[in-house]
Amino acid sequence: KGARLCVLPELCLGGAELSAYSWASAREQAAAFDRLARLASDLDVTVVCGLVRADGAVRRNSQICLTPGGVAGVYDKRALVLHEHAGARPGEHPAIFSTPLGSIGAGICKDLLYPELFAPYAGRVDLVCVSSAWPVFEGRPLAIGGLGRQLTDWIDELPGRVAALVGAPVVYCNAWGGPHDILGIGPATRVRMAGRSRIVTPGGETLGRAEDGEAIVVADVALCREPPRSETASWRGDGLAARVGALETLLCRGVDRAQRWLGAGSPWRSAR
């Protein structure tokens, strides 16, 4: 279709399940990444994709930008979801990919809830690419009150807020399908990926979008750097969704500290 940039979902090479963070899966994803790199070169396209990446003794939920000439950069997800702390370490820095198309800012899924993670891109990038595996809940223990509806509202709204904050278009690519047993312990933890990918401008115009279902979104995007249109402020809602988000943040910190305390004795480390 003449595309020069292809954006793929979060964890697209390994799947959005805890098993994707094993060392064996990370090696398989590295092999798939090598094949994708050859495709980027053969097809003369820039590709942004998500995978679990081995980084020394730890694993990362990463977004990697491939140009026809090779790797342009790597971004590691900073806002991990609770179960991801069992298999990965969060990133610490933003990333700007220098590509033949221009400068591209990076983001992954839950990062969207934190405007401060995107604020450093304002005035510095021509485009932002967000790879995502944003879910809707199917297992009853996970479908808490109105949180499922809130999650869908968020992914419809937040890419546009990022575009306004940064002053550049946002390509948001979310996985679709399932159900996925994200924790590997049965039906109670099944989620379905929500789809609803979209491409939005800083002015709020939607250039292309997908609904609930598998789709390829193609659009002509004018890369630009405009003055930011919104202040850096909390985007998380109030009420139940905010309380659940705050609880998850505390649990994430607890799991992360436990992993650090376990160190070399952690079963996730010894699984290598």
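This note comments on the salt bridges and nonpolar cores of the structure above.

1. Basis. The model is predicted: local features need pLDDT of at least 70, side-chain atom pairs count only at pLDDT 80 or more, and totals for chains, interfaces and linings use all residues. Residues are numbered from 1 along each chain as its sequence is written, and side-chain values use heavy atoms, with hydrogens and water left out.

2. Salt bridges overall. The whole structure contains 13 salt bridges, a salt bridge being a side-chain nitrogen of Lys or Arg within 4 Å of a carboxyl oxygen of Asp or Glu.

3. Lysine 77 and glutamate 10. The closest N and O atoms of this salt bridge are 2.9 Å apart. The pair links distant parts of the chain, 67 residues apart: lysine 77 is in the loop between strand S4 (70-76) and strand S5 (96-99), and glutamate 10 is in the loop between strand S1 (5-7) and helix H1 (23-43). Helices (H or I, at least four residues) and strands (E, at least two) are DSSP runs, numbered from the N terminus. Both lysine 77 and glutamate 10 are buried; buried means under 20% relative accessible area, exposed over 50%, and partly exposed in between (1.4 Å probe, protein chains only).

4. Arginine 53 and aspartate 76. These side chains form a salt bridge at 2.8 Å, N to O. Arginine 53 belongs to strand S2 (residues 46-55) and aspartate 76 to strand S4, 23 residues apart. Both arginine 53 and aspartate 76 are buried.

5. Arginine 196 and glutamate 211. In this salt bridge the closest N and O atoms are 3.6 Å apart. Arginine 196 lies in the loop between strand S11 (190-194) and strand S12 (198-200), and glutamate 211 in the loop between strand S13 (206-209) and helix H3 (239-262), so the pair ties together parts 15 residues apart in sequence. Arginine 196 counts as buried because its relative accessibility is 17%, whereas glutamate 211, at 42%, is partly exposed. Salt bridges with shared partners join Asp156, Arg196, Arg198, Arg209 and Glu211 into one network.

6. Nonpolar cores. A nonpolar core is a set of buried Ala, Val, Leu, Ile, Met, Phe, Trp, Tyr and Cys residues joined through side-chain atoms within 4.5 Å. The largest has 40 residues, and those with the most contacts inside it are Leu112, Phe118, Val128, Trp134, Val166 and Val170. Strand S6 (102-108), strand S7 (127-132), helix H2 (147-166), strand S9 (170-174) and S12 each give two or more residues to this core. H2 gives the most, with eight residues. Another core lies apart from it, with 14 residues, among them Leu11, Leu18, Ala175 and Met193.
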